[in-house]
Amino acid sequence: MSKWAMVIDLDKCTGCGDCIAACKIENNIAIVDPEEANSGRVMFWIEMVSVYEGEFPNIKIKRFPKPCFHCENPPCTKVCPVHATYKNDEGLVGQIYHRCIGCRYCMVACPYTVKVFNWYEPEWPVEFRKCFNPDVSVRTKGVVEKCSFCAHRLIKVKEEVDLEGRDIQDGDYMPACAESCPADAIYFGDLENKESKVYNLAKSSRAKREMENLGTEPKVVYLSKRE
Amino acid sequence: MEIKRREFLKLLGGASGAIALGSFGCNQFIDVPDKIIEIAKNGAGIESWKNTICALCPGGCGIKVRLIDGIPVYIKGNPIYPVNQGGMCPLGHSALELLFNPDRVKSPLKKIGLPGGGKWESLNWDEALNIISKKIIELRNEGRPHQVVFLDGSNQHGLMKDHIERFMKAYGSPNYFQFPSIKNDAVPYHLLQGNSKIPSYDFLNAKYVLSFGINYLEESYSPVYYTKLYSYLRGSTGEGRTRFVHIDSRMSLTSANADRWIPITPGTYGALALGIAFVLIKEKLIDANFIKSHTSGYEDWVDKNGIMHLGYKNNVLANYYPERVFQITGVQSETILELARELGNNHPSLVLGGDGSSNNTNGTFSQMAVHSLNALLGNFEKDGGIFYVDETPLKNLPHFELDDIAKQGIEQNPFGNSLDMAFPFADFSIQTLIQNILAEKPYPISVLFIYKGNPLFQTLNHHEFIEALKKIPLVVSFDSFINETNEYANIILPDHTFLEQWNIISNVPSVGFSHIGIQQPVIEPIYDTRSSADILIELGNKAYGNNTKPFPFEDYVSEIKYRVEGVYNSGEGAIVTEGLKGSWLEFLNQRGWHIGTYDSFDEFWNLLLERGGWWNPIRKKKGFSEIFNTPTRKFEFYSQVLKNRIDDIVKKKGIDNSTHDIEFVLGRLNIKTRGDVIFLPHHEPIPYDDGMPIYLTTFQPITNRDGHASNLPLMQEMFGFLTRHYWTSWVELNPETASAYGISDDDWVWIESVNGSIKAKAKIHPGVMPSVAAVPFGLGHTSYGRYAKDYGVNPNSIMKNLYDTINGIPATQSTKVKISKAK
């Protein structure tokens, strides 16, 4: 069975924000009211975190894109009272929107704060409804959503390789962020496939996992020469 | 009949939803029954992909648009297009919001009521075009075609420029201007090298890259191209990795990613460059051979009249010792020593400047100082150095014999020349345009065409520009939206968005190979819009009574097809293709092979549409005499080009070269320096206001660029994704400055100049120089649709009306302000 994982090379990432835009368009993520956005209700499935280090003028900035970490041992699934968030056999942490009751326990449990809540009915002008991605359902008010590693793309890839009568190869399945990164900083693949890029990169001496001590075993690995 | 999805897919013989159907017809591969097509349309949806070029910034990235049943739903980078190699920036993704934007102009509009009053009535196309053609034919008949001015703000590097130029020339007007103008950007190179080309930089072979203010990962000509180069270099491990050092007043995206960021006082980049030159010269870290053989004005010299002139070396040694440069720039003298030693000892090393270092009153002189370091290091036409790409082998437009009216018209003084002899090297300055319209000199303007762009939003001289626009009898705007500038138009002709349009993008400046990209419609126009290029063909031919035709083409696509034949005929380069690297092409070329033989031009053209573009990574090696077109055929530290121009102005002004005349001219040009130093790279102080303690600097976030992306909701939301300011402006302050004024994070702050004040939320972080207030540009629209209007503030609205003294670029970094916590 595959185990899907992402490796983000922070030595290459410039922080341009392309991943955020690609993700928002691919997944039909709602744009919330400007005032609500500034009070912390903005919805990004992948966001850019900046941390300044050092004293002026010797400043360094640590910047990293933060999607859902798809933990092997996810804290969020354990607290869901209705089994709306779960981990599947291939290690993807999924979200079943119509089962979600909006209690937001999972948002509290997630140590990486990657889940977002639909405070309002998402609204789009009629014109924009034409260009929704037909592969991804639009959410309703009162449900939690988060990065899915573009799981809808996996479904398509599986059909594709099935028809061609072959196995999934490294690079067949790419989430939108990894596909369009201009710095080629996001790698995606199967940790169980020893030929895959992510398998080898995740073993690199530069590899770091966020808050490893919690035992969540995140499947998003950062590469960085810096501490 | 029920068909399961799986069976349906098998029937189509492959690739899941990704059914490779032709884009216009549906059954190119196999014969699919109509019934199944219908089911597919209501069910899974038929997917197809089309290649085109993104036009949301000048970068010219190749993109692939995903269409479901012909409707674009997603955009990704074209992996085989060499400029971006599959990469994109946030802007590109939101192109769908441009196409389906609810605020698009859906039919021609005519102003009713007062200019700027926001009242419009719809016209049909015939009515709209009749008004315009009647007016322009009348002007021609009266022998006044030169009174038509065409402003092109599309900021695209392609064939549209030649197209508009042909229209204007045939019509009889010398007044076609692009803004921002790349010729303006190239003025510092022109003064030193006599060559108005924007150079390309061989990052891949350089060991050390020192950049002055140029935010190449975010603001410059092609951010994705540079991001690709940068991340490739950063990804390589080992000792020899290129080191990036960036100098900027604010920690921009480029500074944040550099190995080292050097904060500097705004407007003093030139002084720092010359401080580095001081150390290079003192420590003999210069390329003495290059300087001796290929430069002039380095040492003191004697002219043909026996007069002694100051050289670059002695000027630098006398005036730019590190302690003094520290006083000017705020950069420690030890740091200057370190930078110079790193630069001089890591061969090959590159120096580049722009953006923050050029948008000042002293911008041209600063860029000359920055670029002079490349001459000290002999960085021309070598690995890891500066080079110039070849022109694309496009066919020229067919020759056209102008009639007498046109010949007379284009002989008239161009409207872009300044009245008071300011900006001697400006290709175009908005300030000059405003003044000339208001003064009706050298002649009044009867018609103004504006093709895209929003100069009124960007200008520093808002009120006078509005008065100027009101003064012109007919202002016609070709655009897809009503923005601040178009509010003052009499007629708006709605253009297609780039996703519905034909165009060719060619040779984006600073990209390291010659290339063309095909912009093709991915969807039929969704509203009653027309291609501006086609309208110009119609108007241009009509002006000649359709007897002889300036445009012997049915439409713009036939014209670009005609011109691309030149590329086909040349046999050079190759259509972009998978897995074809520049080095491999070069290898084949050396052995007398070339990629791609096509049976016919049609085959070439179809493949071009399918793949998205053509490129030629093989560059003809250029001799120094080709890249140095100065009077001495050398790199001129002492700019004869500038000297000759200023002498000309003085001569025109007075009878002899009296000191009085020279003083008068230099005063008008706002040049404080005197003597030979004027013509050497030097630091020219900026005329700040007394009593204003804080430098106001601006930057353009990648999600908005020059303010044109404010009508895209996703880009508005992402405007401050790094600082978490959505749909709003903010001001970045150093903790030291903030505490001096009692300002905390998220406080509202008043920023006040002599011209007015704006209010923004404080973002306090150490990534900005003390005494600097950095405000993002792009928001603060008073028009431009529901997503743009009334969000954030426009820092340009409080700036002093200052320009680069030489090339007339708006000096957006030269205003000082007061700040205070808003109650």
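The structure is a predicted model, in which local features need pLDDT of at least 70 and side-chain atom pairs count only at pLDDT 80 or more, while totals for chains, interfaces and linings use all residues. Residues are numbered from 1 along each chain as its sequence is written, chains are lettered from A and ligands numbered from 1 in the order in which they are written, and side-chain values use heavy atoms, with hydrogens and water left out.

Helix H9 (residues 223-235) of chain B supplies seven residues, the largest share of the side of chain B that touches chain A; helices here are DSSP runs of H or I with at least four residues, strands are runs of E with at least two, and both are numbered from the N terminus. That side of chain B holds 38 nonpolar, 17 polar and 15 charged residues, where Ala, Val, Leu, Ile, Met, Phe, Trp, Tyr, Cys and Pro count as nonpolar, Asp, Glu, Lys and Arg as charged, and the others, Gly among them, as polar.

In terms of contact (heavy atoms within 4.5 Å), chain B contributes 70 residues and chain A 56 residues. The buried area, meaning the accessible area (1.4 Å probe) that two parts lose on being put together, summed over both, is about 5300 Å² between the chains, with carbon and sulfur atoms giving 61%. Within chain B, the most area is lost to chain A by Tyr74(B), Glu717(B) and Tyr726(B), which together account for 12% of what that side buries.

Turning to the backbone, most residues other than glycine have a negative phi, and most peptide bonds are trans. The bond between His347(B) and Pro348(B) is cis, with omega about -10 degrees, and Pro348(B) sits in the loop between helix H15 (333-345) and strand E15 (349-353) of chain B. Another cis bond runs from Lys441(B) to Pro442(B), with omega near 0 degrees; Pro442(B) belongs to the loop between helix H18 (430-439) and strand E17 (447-451) of chain B. Although not a glycine, His83(A) has a positive phi of about 60 degrees, in the loop between helix H3 (75-79) and strand E4 (85-87) of chain A. Asp746(B), also not a glycine, has a positive phi of about 75 degrees.
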